[in-house]
Amino acid sequence: MKTEAIEIKRDGLTLRGFQSLPETDHFDIAVLFHGFMMTCGRDPEDLIYQISEDLNRRGIGTVRMDFAGDGESDGPSEDVSVLSEILDAEAILRYVRRIPGVRRVFVHGQSQGGVIAAMMAGVYPDRISKAALTAPAAVLVDDAKKGSIMGIDFDPREVPETLVMKEHCFSGFYFRTNQKLNIYDWAANYDGPVIIVHSEKDPIVPYRYSERFHEVMKNSELHILPGGNHPMKDEVRAETIRLVGDFFEK
């Protein structure tokens, strides 16, 4: 397996991340989407990094990129939104489809990345063979509607121009558009195999949001793991990685 840093262009921005490709003529590949205010797995302790390593050991290639405004990719955090990440994901998937030898394309997403993976699967049900969602954060719609996210409160009827969270500055556009997203409508258009993994004690995204994905994505399997947390650390980490790897490999 050969891993290298890559760059992908999107509307004048450069997205930066990594690809790991098997040294075989034909192979499957998984595109891994990271969560809100996170990166593509630049730290070996990150779930995205560890899922990528596990898939690579199984002979499955991976591409993982920082979304614009995150990590090493271009753009300010003020420009980050689910809509901008959809555009990033489209550029990444277009790049992946052009890699010689690619057979099947899978998508995996963690947290907000799980929302992106589900929505893109709904856009490309004919090109995405499988989808895996870990703690998919569809709660972002309800959070924006009630005006409270990760301890930050605001008036949802008069969203401010900017909000600062953990030293990241986000535009009010992010929250205004979140209020209007029909995430489950997009996801319901995908009829391919799906696995959904969530921690029972996730304090940020209650597992009922994964139950809803399971309802609308008819060819899905749902795993609610006892204990755990939102980053899928500690006692649920190994099982999460195994479930996703087995699902893509079989």
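How many of the 12 residues of α3 are buried? The structure is a predicted model, in which local features need pLDDT of at least 70, side-chain atom pairs count only at pLDDT 80 or more, and totals for chains, interfaces and linings use all residues. Residues are numbered from 1 along each chain as its sequence is written, and side-chain values use heavy atoms, with hydrogens and water left out.

Helix α3 covers residues 112-123; helices here are DSSP runs (H or I, at least four residues), and strands are runs of E of at least two, numbered from the N terminus. Of the 12 residues of α3, 11 are buried, so the helix is largely enclosed by the rest of the structure. Buried means under 20% relative accessible area, exposed means over 50%, and partly exposed lies in between (1.4 Å probe, protein chains only). Among the buried residues of α3 are Val115, Ile116, Met119 and Met120. From its first C-alpha to its last, α3 reaches 17 Å, close to the expected 16 Å; the expected span is 1.5 Å times one less than the number of residues.

Ile86 lies in helix α2 (residues 82-97) and, at 13% relative accessibility, counts as buried. Leaving aside residues up to four places away in sequence, Ile86 touches Ile116, Met119, Met120 and Trp186, where contact means heavy atoms within 4.5 Å. Ile116, Met119 and Met120 are buried residues of α3.

Glu161 is located in the loop between β8 (152-153) and β9 (162-165). With 67% relative accessibility, Glu161 counts as exposed. Its contacts, not counting residues up to four places away in sequence, are Phe170, Ser171 and Gly172. Between Glu161 and Ile86 there are 22 Å in space, C-alpha to C-alpha, and 75 residues in sequence. Glu161 and Glu78 are 83 residues apart in sequence and 9.7 Å apart in space, C-alpha to C-alpha.

Two packed helices are described by the angle between their axes and the distance between the axes. The axes of α1 (residues 47-57) and α8 (residues 237-249) come within 10 Å and cross at roughly 45 degrees. Axes are lines fitted to C-alpha atoms, for helices over the stretch in contact, and angles run from 0 to 180 degrees between N-to-C directions. α1 and α8 are therefore oblique to each other, a class left after roughly parallel (under 35 degrees), roughly antiparallel (over 145) and roughly perpendicular (65 to 115). The contact is made by Leu47, Gln50, Ile51, Asp54 and Leu55 of α1 and by Arg237, Thr240, Ile241, Val244, Gly245 and Phe248 of α8.
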